[in-house]
Structure formats: C-alpha cells, structure tokens
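Have a look at the structure first.

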Amino acid sequence: MPIWLYQIRPLYAGLVLVVIIETISMIGLFVTRRFIIPRLHYHDGANDAVSGTVQAIGVFYGITVGLIAVGVWNTYSNAADLVSKEASSIGSLYRDVSGYPEPIRSELRSNVREYTVFVIEKSWPAQKAGYGQRLDGGTTILDDFQEKLYTFQPANPGQVALHSETLTAYNKLLEYRRLRIDAVDSGLSTTMWAVIWVGAIISIGIAYFFNIPDAKLHVILVVLMAGFLAMVLFMIIINDKPFFGYVSVSPEPYKLILDRVIGVSR
C-alpha cells in the first residue's frame with residue numbers, strides 16, 4: 001500500500017480508496033463491454049456459468065480477506081495491550097524505586113520519569129512518522145537507570161526483598177519495551193498485499209462477463225462489488241500498522257502513569 005495512505009485522515013483515506021477502486025473498476029467494465037464481450041459467443045447457460053465462478057471465487061477470496069482482516073485487527077489489539085503493559089510496568093517500577101533510601105531514590109525516580117516523558121514526547125511521534133526504531137534515547141536512559149540500580153547494595157532483609165522486586169519490575173519493563181519496538185515495523189508483507197490486490201482484480205473482473213444487456217444495471221452491480229471491497233481494504237489499512245500513520249495506538253496509558261503515579265509523587 002502507498003505509505004501516504006496511512007498518513008492522512010481516515011475519512012480522506014477511505015474516500016481516496018473508494019474513488020480509486022471504483023474508477024479502475026468502471027474503466028475495466030467499459031473496456032470489457034466495448035472490446036471483449038462483443039467477441040464472445042454467449043449461450044443460454046453462460047450467465048449461470050459466470051455466476052457459479054463468481055460465487056466460487058467470492059467465497060474463497062472472502063474467506064482469505066476475512067482471515068487477514070481478523071489477523072490485522074488482532075495485531076492492532078495486541079499492540080494496544082502491549083502499550084498498556086509497558087505503561088503499567090513503568091508505574092510498578094516507579095513505586096518500587098520510591099522505597100529506596102536517598103540519594104539513589106531520587107536518581108532512580110528521575111530516570112523513570114525521564115524515560116516516560118521520552119516515550120510520550122519523542123518515541124511516539126517518531127513511531128508515527130516511521131522511524132521509531134532509530135531513536136536510542138530510551139536505551140540511554142534505561143542504561144543509566146540500570147547502572148545505578150545494579151550498584152545498589154541492600155543493607156537489610158527489607159531492602160533485599162525490595163531490590164529483588166525492583167529488578168523483576170525492571171526486567172518486565174525491558175521485555176515490554178523490546179516487544180513494542182519490534183512491533184513498530186509490523187504489518188502485512190508485500191506478498192500478502194499482492195494476494196489481496198490480485199484477488200480483488202479477479203473478483204471484480206469476473207463480474208464483467210455477465211451477459212447483461214442493460215449497461216446501467218451492470219454498472220450498478222460492479223459499483224456495489226467494488227464499494228464493498230474498498231470498505232474491506234480500508235478496514236485492513238486502518239489496522240495494518242498499529243504504531244504508524246494517522247491512526248495509531250495512543251500513548252494515553254503512559255500519560256496516565258505520568259499524571260497519576262509519577263506526577264503525584266513529584
């Protein structure tokens with residue numbers, strides 16, 4: 001899919017997609033009725049044969065596109081869930097380091113706050129623009145946090161238990177962060193898009209060969225098929241890249257943690 005289609009408002013993207021598919025469909029119908037159908041010899045059972053072919057292709061293509069749409073939606077939902085988990089792990093880590101003695105407590109809390117702000121103000125705009133994996137600021141902040149955390153020596157059993165819990169929370173944060181970064185470039189492969197578009201061309205192209213004397217009726221049928229196909233493709237596009245483009249997973253969970261957990265404790 002063209003990258004710019006992900007970067008415009010959903011309404012505009014839907015309209016552009018519908019217009020493009022409908023226009024191409026009408027051009028194909030005109031060419032078929034004008035130059036191809038007159039060269040064919042139709043008989044009484046021709047429409048039945050075309051109808052059977054349309055139904056067979058429609059069923060298999062519908063199942064394929066439906067499964068792809070469900071898979072894309074699951075990917076988007078999993079990405080949103082992953083964001084919530086990373087934000088939650090930030091909140092847990094911040095609460096854990098708040099139990100450390102000074103001065104390391106303030107230093108660790110400052111690192112967690114700095115990382116949260118970095119994700120909201122730097123990582124998210126970069127992800128939406130398509131270069132989120134090139135930023136290493138988050139890694140630098142967490143490396144600094146880790147160096148301070150690993151040098152801390154617990155002085156009593158209570159601090160030992162707290163330190164162990166903090167390390168667990170920190171490792172969870174690293175895991176969720178890595179999964180989020182890996183998911184930034186997720187999306188359907190070129191092969192999958194080729195299957196979708198070739199299948200769409202075949203599905204609409206088969207409908208051209210109905211022997212319908214009334215051209216207006218033929219146009220209406222093809223327009224309806226193309227319009228429905230455009231809506232399905234639009235749904236796939238909207239959910240295809242969860243961290244990229246105009247419609248992407250929101251950083252709201254991080255903002256809630258920053259406002260309600262970190263911000264309150266400043």
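This predicted model holds 2 cavities of 30 Å³ or more. A cavity here is a set of points, on a 1 Å grid over the protein atoms alone, where a 1.4 Å probe fits but cannot get out, and lining residues have an atom within 4 Å of a point. Volume is the space filled by probe spheres set on the points, which are joined across faces, edges and corners.

**The largest cavity**
- About 80 Å³ of space sits in the largest cavity.
- Its lining includes L5, Y6, I237 and F244.
- Helices α1 (10-36) and α7 (215-240) each give at least two residues to that lining; helices are DSSP runs (H or I, at least four residues), numbered from the N terminus.

**The second largest cavity**
- This one has about 40 Å³ of space.
- Around it you'll find L93, N111, V112, Y115, I141, L142, F145 and L173.
- Two or more lining residues come from each of α3 (104-129) and α4 (137-151).

**Helix α8**
- In α8 (residues 252-262), Y254, I257, L258, V261 and I262 are buried, meaning under 20% relative accessible area with a 1.4 Å probe, protein chains only.
- Those buried residues line one face of α8, because they fall within an arc of 110° seen down the axis, taken from the directions from the helix axis to the C-beta atoms.
- The face turned away from the buried side carries D259 and R260, which are exposed (over 50%).
- α8's buried residues pack against α2 (46-97), α3 and α5 (157-183), with contact meaning heavy atoms within 4.5 Å.

**Reading the numbers**
- Residues are numbered from 1 along each chain as its sequence is written, and side-chain values use heavy atoms, leaving out hydrogens and water.
- As the model is predicted, local features need pLDDT of at least 70 and side-chain atom pairs count only at pLDDT 80 or more, while totals for chains, interfaces and linings use all residues.

Technical notes:
1 Å grid on protein atoms, 1.4 Å probe; cavity = no way out; pocket = protein on both sides within 12 Å on 5 of 7 lines; lining within 4 Å.
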